[in-house]
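The sequence and structure are shown first.

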Amino acid sequence: MHKNFTNVLARFEQETILHSADLKPLEKFRELCRRNQIGVVEDGPMEHVKGFYIPNWKGHKMIVLKKDLEESHREFVAFHELGHHFFGADENTANFFAFLALSTA
């Protein structure tokens, strides 16, 4: 198994909130962001991107999500961007993290 995927599985197990049946996916996302001191901005319509992660904006970590995404799409994009925070720029790893996070929803 790819080393990054092993790291994702380990992080997934570490973040017990992802296993909570009491919270909706976006509530889990916001709580993980709060715990990791990541600001979340749902911005106006962005033409070419659905979301992005900024590791250092004036000393703060930030995830920006396109405002008008359908809820299920917003959930995937949100966890995908959080995957970038945890694991870096690799798109496949961020997708894998989002898939795992949403598989427990």
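How are helix 2 and helix 3 oriented to each other? In this predicted model, local features need pLDDT of at least 70 and side-chain atom pairs count only at pLDDT 80 or more, whereas totals for chains, interfaces and linings use all residues. Residues are numbered from 1 along each chain as its sequence is written, and side-chain values use heavy atoms, with hydrogens and water left out.

**Helix 2 and helix 3**

Helices are DSSP runs of H or I with at least four residues, strands are runs of E with at least two, and both are numbered from the N terminus. The axes of helix 2 (residues 25-35) and helix 3 come within 10 Å and cross at roughly 25°; axes are lines fitted to C-alpha atoms, for helices over the stretch in contact, with angles from 0 to 180 degrees between N-to-C directions. Helix 2 and helix 3 are therefore roughly parallel to each other, given that angles under 35 degrees count as roughly parallel, over 145 as roughly antiparallel, 65 to 115 as roughly perpendicular and the rest as oblique. The contact (heavy atoms within 4.5 Å) involves Pro-25, Leu-26, Lys-28, Phe-29, Leu-32 and Cys-33 of helix 2, together with Glu-71, Arg-74, Glu-75, Ala-78, Phe-79 and Leu-82 of helix 3. Its residues comprise eight nonpolar, no polar and four charged. In this classification Ala, Val, Leu, Ile, Met, Phe, Trp, Tyr, Cys and Pro are nonpolar, Asp, Glu, Lys and Arg are charged, and the others, Gly among them, are polar.

Glu-75 lies in helix 3 (residues 71-87). It counts as buried because its relative accessibility is 13%; buried means under 20% relative accessible area, exposed over 50% and partly exposed in between, with a 1.4 Å probe and protein chains only. Apart from neighbours within four places in sequence, Glu-75 is in contact with Pro-25, Leu-26 and Leu-102.

| Helix pair | Axes come within | Crossing angle |
|---|---|---|
| Helix 1 and helix 4 | 10 Å | roughly 30° |
| Helix 3 and helix 4 | 7 Å | roughly 125° |

The angle makes helix 1 roughly parallel to helix 4. Asn-4, Phe-5, Val-8, Leu-9 and Phe-12 of helix 1 make this contact with Asn-92, Thr-93, Phe-96, Phe-97, Leu-100 and Ala-101 of helix 4. The residues of the contact of helix 1 with helix 4 divide into eight nonpolar, three polar and no charged.

Helix 3 and helix 4, by contrast, are oblique to each other. The residues of the contact of helix 3 with helix 4 are eleven nonpolar, five polar and two charged.

Thr-93 belongs to helix 4 and counts as buried because its relative accessibility is 1%. Beyond neighbours within four places in sequence, Thr-93 is in contact with Asn-4, Phe-5, Val-8 and Phe-87.

**The nonpolar core**

A nonpolar core is a set of buried Ala, Val, Leu, Ile, Met, Phe, Trp, Tyr and Cys residues joined through side-chain atoms within 4.5 Å. The largest one has 23 residues, of which Leu-18, Phe-29, Ile-63, Phe-79, Leu-82 and Phe-97 touch the most other members. Helix 1 (3-14), helix 2, strand 3 (60-66), helix 3 and helix 4 (91-103) each supply at least two residues of this core, and its largest share, six residues, comes from helix 3. Not counting residues up to four places away in sequence, Phe-97 touches Val-8, Leu-18, Phe-79, Leu-82, Gly-83, Phe-86 and Phe-87.
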